[in-house]
Amino acid sequence: MWSEKYRPKTISSMVGNEQGRSDVQRWFSTWKSGTKPLLLTGPPGIGKTTISRILSVQYGYDMVELNASDARSKSRLTSILNPIIDNQGLADRTMIFLDEVDGIHGSSDYGGGQALLNMLGKVTIPTILAANSEDVGKMRGFIKVSKHIRLHPIPPRILRVYLNHVLKEEGVTMGPGTKIRIVSESKGDVRSMLNLAQSLISDADIQTYESFQESSVEEGVDAFFKAKSIREAASVLNSMRMNPREKINAFYSSIVKSPLDSKNLSYMLNIISKADMLYNRIVSTQNWRLLRYLNAILLPLYQEGTPVRYAQYNLPFPILNKIRFEGRARRDLNQYVGKQLHMSGSAAATLAVPFIIQLIKDERMQPPEKHTEIISKVMAR
């Protein structure tokens with residue numbers, strides 16, 4: 001990928017954020033035991049990880065890189081970081097880079113956020129934190145214990161210069177209108193710009209942005225399975241700029257209604273399940289940076305000559321409505337019962353609600369007087 005091939009190897013070869021880069025380098029060059037950790041905030045694709053890797057090489061450190069959103073629990077974080085922090089003699093030339101620390105914020109992190117804050121107070125090796133969020137309220141704890149440096153999206157004029165440099169190195173050309181649209185689409189994200197530009201340079205000779213315009217669901221699915229090469233299929237996937245849930249559903253409905261043998265059907269549904277798990281993880285953690293992996297997961301669906309064509313898989317509207325409203329009612333009921341019984345909604349759904357529903361249905365069973373009120377409220381809901 002161009003985004004890796006042209007990843008800068010030195011600070012001077014990076015683009016944008018000159019003041020921020022200078023501040024980061026000053027922090028690293030003057031670091032000593034007791035120095036606060038460094039917190040870098042800013043949107044994806046602007047160089048937070050890259051500058052950390054460059055500095056680790058420049059100053060001779062082995063960088064332990066960890067994604068905080070993958071280690072959300074207290075036990076997971078401590079099992080990884082404590083051995084590094086506690087063994088100072090063995091970690092003289094070790095540094096820590098902890099990415100996406102905003103991914104462990106909130107009640108779902110099982111103590112990971114507070115555990116990390118506690119550990120940051122005793123680190124004796126260079127430690128860099130990175131976060132996509134700049135929400136001061138959300139990041140207040142990390143800002144308080146760190147040296148905070150904001151990095152900003154790369155300006156369009158700098159992106160255009162850098163894109164021209166990469167295209168020249170690759171020996172390819174693009175029209176000025178195409179380059180302007182690519183820069184605009186990237187919104188200051190260098191990695192996104194290079195990935196989009198590379199996707200335009202394919203076996204299908206897609207040389208203008210106009211031929212890469214957003215495709216409808218039906219056009220996208222059909223063009224994907226009719227593609228003549230894997231690179232052309234990849235270009236089609238990138239052109240399907242739609243809600244990721246809608247994209248996954250479109251491929252799923254088309255696959256299940258196509259004349260596939262059991263082996264191919266099983267293979268494709270396994271891929272769809274991986275895409276579905278990725279999307280659910282994104283929604284649950286609000287880590288939208290992971291969305292860049294969705295097309296890579298879906299791409300193996302392509303096999304030349306596969307008889308898959310777009311098909312919309314619809315249930316009758318009354319059934320869809322019934323599923324939608326009953327599902328919402330059941331979730332509300334689980335939460336309500338859980339609150340009354342001092343347990344989580346999921347625990348109530350397993351341990352209590354089925355029995356309450358049975359009590360309501362069975363006219364022969366009269367609940368104790370003290371439970372009448374709660375059952376009456378459940379029935380009312």
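**Note on the predicted structure: salt bridges, cores and surface**

1. The side chains of Arg26 and Asp23 meet in a salt bridge, with 2.9 Å from N to O; the term denotes a side-chain nitrogen of Lys or Arg within 4 Å of a carboxyl oxygen of Asp or Glu. Both residues lie in helix α2, three residues apart, about one turn of the helix. Arg26 is partly exposed at a relative accessible area of 45%, and Asp23 is likewise partly exposed, at 23%. Here buried means under 20% relative accessible area, exposed over 50%, and partly exposed in between, with a 1.4 Å probe and protein chains only.

2. Residues are numbered from 1 along each chain as its sequence is written, and side-chain values use heavy atoms, with hydrogens and water left out. Helices (H or I, at least four residues) and strands (E, at least two) are DSSP runs, numbered from the N terminus.

3. The structure holds six salt bridges. One of them joins Glu170 and Lys5, with an N to O distance of 2.7 Å. Glu170 belongs to helix α7 and Lys5 to helix α1 (residues 2-5), so this pair ties together parts that are 165 residues apart in sequence. Glu170 is partly exposed at 25% relative accessibility, whereas Lys5 is exposed at 51%.

4. Helix α2 (residues 18-29) also contains Arg21 and Glu18, three residues apart. These two form a salt bridge whose closest N and O atoms are 3.9 Å apart. Arg21 counts as buried, at 10% relative accessibility.

5. The largest nonpolar core has 37 residues, and those with the most contacts inside it are Ile128, Ile182 and Met193. Among the elements giving two or more residues to this core are α2, β1 (38-41), β4 (127-131), α8 (176-186) and α9 (190-200). A second, separate core of 28 residues includes Ile248, Ala250, Phe251 and Ile282. A nonpolar core is a set of buried Ala, Val, Leu, Ile, Met, Phe, Trp, Tyr and Cys residues joined through side-chain atoms within 4.5 Å.

6. Pro153 is placed in the loop between β5 (147-150) and α7 (156-170). At 45% relative accessibility, Pro153 counts as partly exposed. Beyond its neighbours within four places in sequence, Pro153 is in contact (heavy atoms within 4.5 Å) with Pro43, Ile46, Lys187 and Gly188. The C-alpha atoms of Pro153 and Asn17 are separated by 8.2 Å, although these residues are 136 residues apart along the chain.

7. On the surface, Leu341, Met343 and Leu351 form a nonpolar patch with about 260 Å² of accessible area together. Such patches are made of residues with over 30% relative accessible area and no salt bridge, nonpolar side chains (Val, Leu, Ile, Met, Phe, Trp, Tyr) being joined within 5 Å and like charges within 9 Å. Accessible areas come from the Shrake-Rupley method with a 1.4 Å probe, and for residues only the protein chains shown count as cover. Leu351 lies in helix α16 (residues 345-351) and is exposed at 57% relative accessibility.

Notes. This is a predicted model: local features need pLDDT of at least 70, side-chain atom pairs count only at pLDDT 80 or more; totals for chains, interfaces and linings use all residues.
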